[in-house]
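Colleague: I'm new to reading protein models. Could you walk me through this one, question by question?

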Amino acid sequence: MEYFTELGHIGLFLAAFLAATVLPLSSEVVLVALLLNGLSPGTLVAVATVGNVLGSLVNYALGYWAGVAVIRRWLKMSEAEFVSAEKRFRKYGVWSLCLAWAPVIGDPLTVMAGILRVRLLWFVLLVTAGKLLRYVVIAWMAG
């Protein structure tokens, strides 16, 4: 994480982007480190949110254009797990995308949204709202 912190805003953008994919990164650590270094909270929250939403859009695109078999293999899901995830997504609907920031469930949610062809406008609005709120809360707690 130190490498990302040394890059400042660009490092935060990269960490947030990569953290929104299935890579095990924590953009929150970079955000807090940069806040403690005195950088503008508003700018940092905006950079982290944009990077994280763009990373989620990559997941959406993968779900939209890749076959279900490819996605199951990529997420290491059995057929039963995939069917269960699809049922849960359909049960809670697009509003579940507000939880796209959550560990463990967030990445599969954004992929499933692509598979199920959720309207892109709704996807972007709901994912952005959830991720923005998360970064605002983290910045507030760190401040």
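Modeller: Let's begin with a charged pair: the side chains of glutamate 28 and arginine 134 meet in a salt bridge, 2.9 Å from N to O. A salt bridge here is a side-chain nitrogen of Lys or Arg within 4 Å of a carboxyl oxygen of Asp or Glu. Keep in mind that this is a predicted model, where local features need pLDDT of at least 70 and side-chain atom pairs count only at pLDDT 80 or more, while totals for chains, interfaces and linings use all residues. Residues are numbered from 1 along each chain as its sequence is written, and side-chain values use heavy atoms, with hydrogens and water left out.

Colleague: How many residues apart in sequence are the parts that glutamate 28 and arginine 134 tie together?

Modeller: Helices are DSSP runs of H or I with at least four residues, strands are runs of E with at least two, and both are numbered from the N terminus. Glutamate 28 lies in helix 3 (residues 27-36), whereas arginine 134 lies in helix 8. So the pair ties together parts whose separation in sequence is 106 residues.

Colleague: Is arginine 134 buried or exposed?

Modeller: Buried means under 20% relative accessible area, exposed means over 50%, and partly exposed is in between, using a 1.4 Å probe and protein chains only. Arginine 134 has a relative accessible area of 12%, so it is buried.

Colleague: Which ring does the charged end of arginine 134 sit over?

Modeller: A charge sits over a ring if NZ of Lys or CZ of Arg is within 6 Å of the ring centre and within 35 degrees of the ring normal. For arginine 134 the distance to the ring centre is 4.1 Å, and the ring belongs to tyrosine 135.

Colleague: Which residues does threonine 49 touch, leaving out those up to four places away in sequence?

Modeller: Threonine 49 lies in helix 4, and at 5% relative accessible area it is buried. Contact means heavy atoms within 4.5 Å. With residues up to four places away in sequence not counted, threonine 49 touches Thr128, Lys131, Leu132 and Tyr135.

Colleague: Now the rings. Why is the pair of phenylalanine 13 and phenylalanine 17 stacked?

Modeller: A search of the whole structure finds six aromatic pairs. Rings of Phe, Tyr and Trp (its six-membered ring) pair if their centres lie within 6.5 Å; planes under 30 degrees apart count as stacked, over 60 as edge-to-face and the rest as tilted. The centres of phenylalanine 13 and phenylalanine 17 are 6.4 Å apart, and the pair is stacked because the planes are at 20°.

Colleague: How far apart in the helix are phenylalanine 13 and phenylalanine 17?

Modeller: Both sit in helix 2, four residues apart. That means a separation of about one helical turn.

Colleague: What angle lies between the planes of tyrosine 60 and phenylalanine 123?

Modeller: This pair links distant parts of the chain, with tyrosine 60 in helix 4 (residues 41-65) and phenylalanine 123 in helix 8, 63 residues apart. Tyrosine 60 is buried at 7%, and phenylalanine 123 is buried at 0%. Their rings are 4.6 Å centre to centre and form a tilted pair, with the planes at 45°.

Colleague: Last one: near what value is phi of arginine 117?

Modeller: Arginine 117 is in the loop between helix 7 (106-115) and helix 8 (120-142), and it lies over the face of tyrosine 64, at 3.9 Å from the ring centre. Most residues other than glycine have a negative phi. Arginine 117 is a residue other than glycine with a positive phi, near 60°.
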